[in-house]
Amino acid sequence: MSLVSYKCPNCGGGLQFDPKTQKFTCEYCSSEFTEEDMKKMEAAQNKEETASPAEEESGKEGQEAVVYTCPSCGAEIVTDDTTASTFCYYCHNPIVLSGRLSGKYLPDYVIPFAMDKKEATEKFLDWIKKKKYVPGDFFSKEQIEKFSGIYFPYLLYNCNVDGAIRAETEKNRSWTTGNIRYTEHKQYQVERQGCLEVKNLTRNALSTSNKELVEGVLPFDMNKTQPFRMGYLSGFQAEKRDMESDSFTAEAEQEVQEYALQSLKDSISGYDNVRLLASDTKIRDAGWKYALLPVWILTYQDKVRKQVYYFAMNGQSGKIWGRLPIDKKKLMLLFAKISLPIFAVLMIGGWFL
């Protein structure tokens, strides 16, 4: 079983992907390496290793990742073999090594993190300052230290759709001559046809229990996808997908077909009425790809209500999503500040009546 380990050629230290510079940085000597440098290092390493048959079939050059399983909630978290991962960001319990990721579970693409932990934390704190009734320990130092960069799994649907429609249209015109009003109706047969290229129609590749967390930070700029390399996981974690493309194919086909037909219908303009008579679509060159997209995650355990709250930030755009806890003591204090003066005024007014 072959492992890809990214080591600094200058000092042998571990390399981590730096979102700020978009380079791979040595944590010991601060040397920086570009994507091209990493490709050359991988090529050199691959010459020295012989991939197993399973790895050759996967087409991922022998890359593998470590899978950690949380014994409490069952979450499977993926990282490279050099990343320390000591807790489950879902429930904050310790997680244990359970196996390695390979074959079909290795992604095709990745969107690298565009902001590091420091920048993400600053954005989080700026945002949370506007929330007056959040418990103080939600953004305590201990809590902030658990801010985690996670790559979430998506399946991307790509295809071409050939579409054609035939419609009956109508133009109406009215005018008055003397005391007589005339109305003219003209009918036309209109045909439209065209080809629609569909790129990166995204579907959440996690089970429904994680749906809000994963979909709350959409959209991503899919033009920024890069071919997947294990080095992008260095310093981060990733979720292992647990859904197959078969679950989404029928839904995706229907969506792109409806969109293609609606686009053709919308292209018919300048008429008072449009009635669709016939339509036809054909999907070709269809396929699914697997991608990891960057998200910063913070979880909070409300010990009183025994509930876990999630905060998520798009690691590319900074878009924020979250369900935040409410400190009832702060709300009661606000209620007291508002209600007591009003009550006092009413009592004084009643006293002097």
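This is a predicted model: local features need pLDDT of at least 70, side-chain atom pairs count only at pLDDT 80 or more; totals for chains, interfaces and linings use all residues.
Numbering runs from 1 along each chain as its sequence is written, and side-chain values use heavy atoms, leaving out hydrogens and water.

So which residues of α6 are buried? They're A252, V256, A260 and L264. Down the axis of α6, the buried residues fall within an arc of 100 degrees, so they line one face of the helix; that arc is taken from the directions from the helix axis to the C-beta atoms. Why that spacing? An α-helix has 3.6 residues a turn, so residues three or four places apart point the same way. Helices here are DSSP runs of H or I, at least four residues, and strands are runs of E, at least two, numbered from the N terminus.

Now, rings. The whole structure has 15 aromatic pairs: Phe, Tyr or Trp rings (the six-membered one for Trp) with centres within 6.5 Å, stacked under 30 degrees between planes, edge-to-face over 60, tilted otherwise. F147 and F311 make a tilted one, 5.9 Å centre to centre with 35 degrees between the planes. F147 sits in the loop between α4 and β8 and F311 in strand β13, so the pair ties together parts 164 residues apart in sequence. Both F147 and F311 are buried.

Definitions and conventions:
Buried means under 20% relative accessible area, exposed over 50%, partly exposed in between (1.4 Å probe, protein chains only).
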